Amino acid sequence: MKATLAAPSSLTSLPFRTNASFGSKSSLIFRSPSSSVSMTTTTARGNVAVAAAATSTEALRKGIAEFYNETSGLWEDIWGDHMHHGFYDPDSSVQLSDSGHREAQIRMIEESLRFAGVTDEEEEKKIKKVVDVGCGIGGSSRYLASKFGAECIGITLSPVQAKRANDLAAAQSLSHKVSFQVADALDQPFEDGKFDLVWSMESGEHMPDKAKFVKELVRVAAPGGRIIIVTWCHRNLSTGEKALQPWEQNILDKICKTFYLPAWCSTDDYVKLLQSHSLQDIKCADWSENVAPFWPAVIRTALTWNGLVSLLRSGMKSIKGALTMPLMIEGYKKGVIKFGIITCQKPL
Ligand code: SAH
């Protein structure tokens, strides 16, 4: 979950990868949301462009780490240890209590497992090792370790999150099962084929290279292992459509700046990437309707006395971030933002 801080101005010139370039090996298109300037380059020959891309990826990584270092405490105080959307019944008009939202966040984990086919004891028993890619403060890892009796390793870019996640594991007597470290999802410090469950809950949207991201998820999955990606996507493009409409892109660009996101992709894009690795049982779904109550609830908590005081204490960047939250609601309502789940299994 992207909490409430805005990007420093230095990041507004960060090159963002567009959807149109997705999947192309020879060509990358960089685009700055602030300037709307586009530049096409060929990686095989363009050393300068490659260096610029490396620098911008580094800037993004640093920005994400700082963002979560600064905001995770505030989020935990108000929302607890799960930094992801809740899963609700569609059209539910019930104004939920805090515990209702907490239950919805747990339900998100359960529905994701169910969707991926982890539905009975037989399947659960197969899950002995889990990697939580983009673990936040480790809510999913601790939940999955307790549920399956599995060993979980979580990775995050934020040292503050990794420490807090380890402290919470110790407080819950789970340190023998669960551990957290700072590592990059695009270059994971694990051997091939290690994990029976590769779990990425709302971290994919931060990844500047979706192909590399998926390749790493597939690499660390054990034969027969499952991969679950739950992530913010843009809508699928229609046949013949090359890019989103400018007004749609405009909404996403504003969200990118605040929440440290590179260019978005669609669930179709993820499916194509998974297909390119010959994975089995590839499935995806649009859960946008099931998460609809979430952002209005986050905004309501920000508008409580406690929320406002915390927000004001965090300063202008937090306030700007909070002001971006209605854009998420608008993006969902207008159909440009989709909450996607994509799952598959690595062949035996
Ligand atoms: N999955 C968690 C947290 C989601 S917030 C939960 O559901 O509670 C997004 C997380 O992705 C943050 O922990 C952030 O550090 C992590 N992240 C973003 N880019 C990453 C990268 N390249 N490598 C590792 N973690 C990353």
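## Ligand shell

In this predicted model, the ligand is surrounded by 21 residues, and the closest are Met83, His84, Gly134, Gln161 and Met201. Sorted by class, this shell holds 11 nonpolar, eight polar and two charged residues.

Two secondary-structure elements, helix H1 (47-79) and strand E5 (151-156), each contribute at least two residues to the shell around the ligand.

For Met83, a polar backbone atom is 2.8 Å from an oxygen atom of the ligand.

A nitrogen atom of the ligand lies 2.9 Å from a polar side-chain atom of Asp184. On its own the ligand has 570 Å² of accessible area, and the protein covers 99% of this.

## Location in the largest cavity

The site of the ligand is the largest cavity. The count of cavities of 30 Å³ or more comes to five, and the largest cavity contains about 400 Å³ of space.

The largest cavity is lined by 35 residues, of which Gly134, Cys135, Gly136, Ser203 and His206 are the closest to its centre. Gly134 is also among the residues closest to the ligand.

## Make-up of the lining

Elements that supply two or more residues to the lining of the largest cavity are H1, strand E4 (129-133), helix H4 (139-148) and E5. The most comes from H1, which gives five residues to this lining. H1 and E5 each also supply at least two residues of the shell around the ligand.

By class, the lining of the largest cavity comprises 16 nonpolar, 13 polar and six charged residues.

Conventions: Residues are numbered from 1 along each chain as its sequence is written. This is a predicted model: local features need pLDDT of at least 70, side-chain atom pairs count only at pLDDT 80 or more; totals for chains, interfaces and linings use all residues. Side-chain values use heavy atoms; hydrogens and water are left out. A residue is near a molecule or strand if one of its heavy atoms lies within 4 Å of it. A polar contact is a pair of N or O atoms within 3.5 Å; within protein, one must be able to donate a hydrogen and the other to accept it, and residues adjacent in sequence count only if both atoms are side-chain atoms. Accessible areas come from the Shrake-Rupley method with a 1.4 Å probe; for residues, only the protein chains shown count as cover. On a 1 Å grid over the protein atoms alone, a cavity is a set of points where a 1.4 Å probe fits but cannot get out, and a pocket is an open set with protein on both sides within 12 Å along at least five of seven lines; lining residues have an atom within 4 Å of a point. A molecule sits in a cavity or pocket if more than half of its atoms lie within 2 Å of its grid points. Helices (H or I, at least four residues) and strands (E, at least two) are DSSP runs, numbered from the N terminus. Ala, Val, Leu, Ile, Met, Phe, Trp, Tyr, Cys and Pro count as nonpolar, Asp, Glu, Lys and Arg as charged, and the others, Gly among them, as polar. Grid points are joined across faces, edges and corners, and a volume is the space filled by probe spheres set on the points.
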